[in-house]
Amino acid sequence: MESINLLNVIKLLEWDYKLHYRIDDFPREADRQFKDIVKDFIDSKITQSVTPVYAVEEDLQYDLQIRVESFEDYEASVVQCNLLNGRSEADFDVTEPDRLLEPVSSGTEPSSHELNIPRLPNPKLPVDQLVNLEYKKRAVTYWRNAVKKKRLTFREVQRSFGKVTSIRQLYDWENLRHYGIVDRKITKFVTKKSIQEAPHYKESAEACVALVRSRIAEYGLDCLWNADQSGFEYEMRPGRTLETAGVKHVEAITQSENSMTHSYTVMMAVSPGRRKFLPVLFLMLKEEKGVFGPIVSRTMFKADNLYVTASTSGKMTKKLYLEWSEKVLFPHMEERCIFLADSWKTFTDQDSVIELRPEKLEYEMLTIPPKVTGQIQPLDVSCFRMYKGCFKKISDFVFLHDLTVQVHHRDVILKLHSLLYQQFQSPRFENLIAEAWYKSGYTDERFMYVNPAKFMFDKLKGSCLHENCRDIVLLVCGWCKARLCCHQFYDAHHFCTIYLP
């Protein structure tokens with residue numbers, strides 16, 4: 001008997017069920033329990049059977065519902081359908097890739113993943129999908145006929161390659177897309193030097209992770225913080241829309257053209273300890289003179305979870321970084337602070353920061369090496385991307401429904417960030433931050449987290465739950481799970497602190 005690889009069986013089952021189910025980011029507990037039941041069932045059948053061949057054959061015949069009496073009958077039916085062999089492929093130097101072969105074996109007794117039963121192709125797949133890439137290449141080469149320097153007829157090709165069904169199929173196989181090669185947009189240009197230095201970047205990243213893990217082992221998680229900045233356009237518009245095919249110029253309405261070319265900066269800090277976020281979010285808005293005027297300072301929107309300042313560019317400067325350290329970071333630290341940040345020049349200049357730290361606070365700065373922040377900086381791994389995505393969904397809702405909210409106005413921006421930052425601090429999303437530290441390599445425990453965007457914005461049905469309100473739902477509150485319209489969330493300032501699991 002030919003051997004079978006259990007991983008191939010799992011793949012066949014995936015083909016059977018992928019049209020009816022979707023893989024989640026993390027399996028539920030019920031999924032894990034059912035997996036254990038299936039695994040125990042398979043292991044017990046393998047262990048209990050004296051001759052694994054017949055025991056597993058019976059199980060497969062029952063569980064996979066093969067409509068034949070035995071595997072020999074099944075093989076005969078497959079041969080009749082021309083799935084395992086062509087008509088006269090042996091005449092054309094047939095090699096191993098033409099057949100459905102058994103996995104490479106050691107030649108000794110079957111291992112725990114190698115059983116002496118036939119490998120079964122997925123009967124639900126059409127014949128064309130059962131042909132492997134090597135078979136297609138050789139069929140096309142034979143069809144081109146380099147000796148005669150002209151293409152053979154369909155009948156001539158089919159005599160040697162019985163799986164070929166039409167001349168059109170040969171042209172399709174000849175096309176590059178059937179070799180897995182397609183036209184793709186270049187997303188990044190790199191130099192040869194950067195490729196040569198890639199191993200060095202990897203080593204520096206591993207050294208940084210090792211250093212941070214040593215600090216965690218010595219001082220724990222609560223004192224470790226990662227901070228970074230990210231730019232937000234004043235008006236975040238999607239870059240694509242629907243239009244008639246062939247139209248060269250596509251125009252879209254904007255609330256302010258100027259707001260689409262200017263940005264402001266958000267500074268966020270997260271920790272793997274018991275406090276996932278700093279209580280205060282730091283925002284740097286763009287102001288012509290770099291400061292807020294007296295009237296603006298007195299009348300603009302204020303919130304306890306925001307610290308708002310300004311610069312002429314809307315970007316972080318050394319002065320603003322020192323202000324963030326003194327007004328936001330240090331007041332919320334306890335006995336020790338280990339600050340993890342990227343290699344931005346202003347971050348690495350720590351002499352001025354140390355002068356501002358409280359006397360009783362033990363402070364240490366750890367620098368993430370350049371070129372690797374996307375892999376080992378927690379805020380870059382997942383946090384900022386999700387936060388910005390949720391902010392953009394709220395803006396898109398305003399544009400889509402043509403609401404009167406001017407998303408590029410200063411007070412609107414501050415109010416939205418205050419509400420959204422409070423949503424992210426819900427206990428429901430705590431594991432998102434812990435998972436980001438795990439993915440960056442600093443912790444060993446993995447967490448099942450709730451995606452804020454999916455929880456708040458996916459599958460919104462019905463209308464707002466507030467009394468006498470029938471407006472379209474904007475989001476589901478991450479704290480109390482209430483379905484809220486734009487009015488109830490934004491205008492009524494739904495700053496929720498009541499958590500309902």
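Axes here are lines fitted to C-alpha atoms, for helices over the stretch in contact, and the angles between N-to-C directions run from 0 to 180 degrees. Helices (H or I, at least four residues) and strands (E, at least two) are DSSP runs, numbered from the N terminus. The model is a predicted one, in which local features need pLDDT of at least 70 and side-chain atom pairs count only at pLDDT 80 or more, while totals for chains, interfaces and linings use all residues. Residues are numbered from 1 along each chain as its sequence is written, and side-chain values use heavy atoms, with hydrogens and water left out.

**First stop: a helix pair**

Select residues 378-400, which form helix α16, together with residues 430-439, which form helix α18; their axes come within 7 Å and cross at roughly 150°. That crossing makes α16 roughly antiparallel to α18, given that angles under 35 degrees count as roughly parallel, over 145 as roughly antiparallel, 65 to 115 as roughly perpendicular and the rest as oblique. Now show the side chains in the contact (heavy atoms within 4.5 Å): α16 contributes Pro 378, Val 381, Ser 382, Cys 383 and Met 386, and α18 contributes Leu 432, Ile 433, Ala 436, Trp 437 and Lys 439. These residues divide into eight nonpolar, one polar and one charged, where Ala, Val, Leu, Ile, Met, Phe, Trp, Tyr, Cys and Pro count as nonpolar, Asp, Glu, Lys and Arg as charged, and the others, Gly among them, as polar.

**Second stop: salt bridges**

A search of the whole structure finds eleven salt bridges, each being a side-chain nitrogen of Lys or Arg within 4 Å of a carboxyl oxygen of Asp or Glu.

Select Asp 222 and Arg 274, whose closest N and O atoms are 2.7 Å apart in a salt bridge. Asp 222 lies in the loop between α10 (198-219) and β3 (224-233), and Arg 274 in the loop between β4 (263-270) and β5 (281-286), so the pair ties together parts that are 52 residues apart in sequence.

Asp 349, at 27% relative accessibility, counts as partly exposed (buried means under 20% relative accessible area, exposed over 50%, and partly exposed in between, with a 1.4 Å probe and protein chains only).
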